Amino acid sequence: MNQHKPRLLLYCQHSLGMGHWVRAMTLANALSREFRVTFLNGGRAPDHQSATGDLDMLNLPPLGMGEDHQLYSQDDRYSVKESLAMRRQLILDTYALLRPEVVLIELFPFGRKKLAGELLPLLKAARRDKQARPLVLCSLRDIMVNARKDQSRHDERARWITDRYFDGLLVHADPRFARLEDSFHPRHPLKTPLLYTGFVAPGRIAAELKPPRRGVLVSAGGGMVGAPLFQVAVQAHAINWAVEKLPMTIVAGPFLPEADWQDLAAQVKGIEGLTLLRSVPAMQPLLEAHSLSVSQCGYNTVMDILESRTSALVVPFVRGQEDEQSQRAQKLAQLGLVKVLNPAELTGQRLAEQILQLRNFSSNPAGLDLSGADHTVRLIQKLLTSKQDANAESQPEEYAHAC
């Protein structure tokens with residue numbers, strides 16, 4: 001490892017799917033070119049961990065979030081209480097050992113309220129570190145959940161924690177598409193500097209020879225909540241194959257529950273023109289091999305769709321207070337980038353019709369900024385340099401204004 005690179009501690013917790021992990025991993029790989037990155041992973045570790053450069057992975061005792069919005073342990077050896085205690089100590093020990101120049105926390109305090117017990121001690125430790133107080137930043141996706149019953153109180157609490165402990169907010173979106181104030185409404189104005197990075201996309205994967213696009217690709221991110229979409233997709237395939245001989249590939253995702261995977265595998269067995277895959281290392285090459293995409297509307301799925309320029313129909317995941325995907329889908333549709341099918345209308349016949357209509361649809365996402373990973377690296381470098389210069393001049397209060 002390059003001992004001269006600044007040390008950066010990145011925390012990420014993925015609970016339902018793997019979208020947060022994929023975006024954070026893309027950032028970590030980009031940051032590792034200029035920083036010595038230690039990645040604190042709070043969820044189940046995916047099989048494919050494509051770490052590059054100066055990047056160390058530290059997998060905490062994994063926790064997930066159930067349908068009842070309660071934490072559950074993903075390691076049978078530990079209870080939730082035991083996992084939380086171990087994680088808290090591991091995070092504090094890692095911080096004390098590394099003494100990072102930068103701490104980058106994904107989503108909190110705008111989400112992950114149930115993990116405040118391990119993150120607030122980290123933030124307090126950083127704040128107390130008078131000799132080498134790190135630059136503390138929050139990493140946010142484009143759209144926040146804003147359908148909680150206590151949304152106003154939640155937003156005000158997030159604002160207070162941000163203003164007290166953070167030096168900046170990095171919003172991974174093109175501000176022409178989404179701005180923080182669209183989905184975040186605290187009672188008092190946010191004082192912490194707010195910076196838009198552009199969308200964090202994995203980057204196009206070069207291929208020497210690309211086959212002609214053909215068929216429909218169906219996916220649902222990590223697959224944790226994809227079973228209803230996959231079941232209806234099988235029905236739609238039977239309808240369209242009988243008339244159009246339109247092939248379909250379903251990528252179930254590594255986190256599709258095993259019982260759902262077994263049911264799906266039995267359901268598609270022997271069906272002509274239908275290919276079922278458990279998971280793939282990267283979605284973009286597969287998207288570029290298909291002419292049509294049907295998927296949910298998670299952040300990383302959308303990035304892959306936009307970069308591959310595949311004609312896409314999205315069926316946003318909506319459950320309880322989870323309205324982020326429907327908001328994203330609506331914005332994309334307004335820009336003419338995707339077609340949207342309301343999940344309440346999801347039937348085999350309806351999906352089959354929408355897939356055939358999708359053949360006449362094309363989008364051009366060239367106007368959106370998809371260079372968020374590289375831009376994030378440059379922004380953090382600039383913020384860190386400004387902070388160090390301000391410290392050298394003994395004028396720490398000017399830091400926020402200088403940036």
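Rings of Phe, Tyr and Trp are taken to pair if their centres lie within 6.5 Å. In this predicted model, a search of the whole structure finds three aromatic pairs. Phe177 and Phe199 make up an edge-to-face pair, with 5.4 Å from centre to centre and 70° between the planes. Phe177 belongs to the loop between strand S8 (168-171) and strand S9 (194-196), and Phe199 to the loop between S9 and strand S10 (216-219), so the pair ties together parts that are 22 residues apart in sequence. Phe177 is buried, at a relative accessible area of 6%, and Phe199 is also buried, at 2%. Together with Tyr299, Phe177 and Phe199 form one aromatic cluster.

The cysteines were examined next. A disulfide is a covalent bond between the sulfur atoms of two cysteines. The structure holds zero disulfides, the criterion being a pair of cysteine sulfur atoms within 2.5 Å. For Cys12, the closest cysteine sulfur is that of Cys138, and the separation of 12 Å is too far for a bond. For Cys297, the closest cysteine sulfur is in Cys12, at 19 Å, which is likewise too far for a bond. Cys12 is buried, with 0% relative accessibility, and Cys297 is buried with a relative accessible area of 0%.

Gln325 is buried, with a relative accessible area of 11%. When neighbours within four places in sequence are left aside, Gln325 is in contact with Gln296, Cys297, Gly298, Pro316 and Phe317.

In soluble globular proteins, nonpolar side chains tend to be buried together. The largest nonpolar core of the model has 87 residues, of which Leu10, Leu31 and Ile380 touch the most other members. With neighbours within four places in sequence again excluded, the contacts of Leu10 are Ala24, Ala28, Leu31, Val37, Thr38, Phe39, Leu40 and Leu104. Another core, of 30 residues, lies apart from the largest one; Leu256, Leu274, Val315 and Leu346 are among its members.

Methods:
Residues are numbered from 1 along each chain as its sequence is written. This is a predicted model: local features need pLDDT of at least 70, side-chain atom pairs count only at pLDDT 80 or more; totals for chains, interfaces and linings use all residues. Side-chain values use heavy atoms; hydrogens and water are left out. Rings of Phe, Tyr and Trp (its six-membered ring) pair if their centres lie within 6.5 Å; planes under 30 degrees apart count as stacked, over 60 as edge-to-face and the rest as tilted. Helices (H or I, at least four residues) and strands (E, at least two) are DSSP runs, numbered from the N terminus. Buried means under 20% relative accessible area, exposed over 50%, partly exposed in between (1.4 Å probe, protein chains only). A nonpolar core is a set of buried Ala, Val, Leu, Ile, Met, Phe, Trp, Tyr and Cys residues joined through side-chain atoms within 4.5 Å. Contact means heavy atoms within 4.5 Å.
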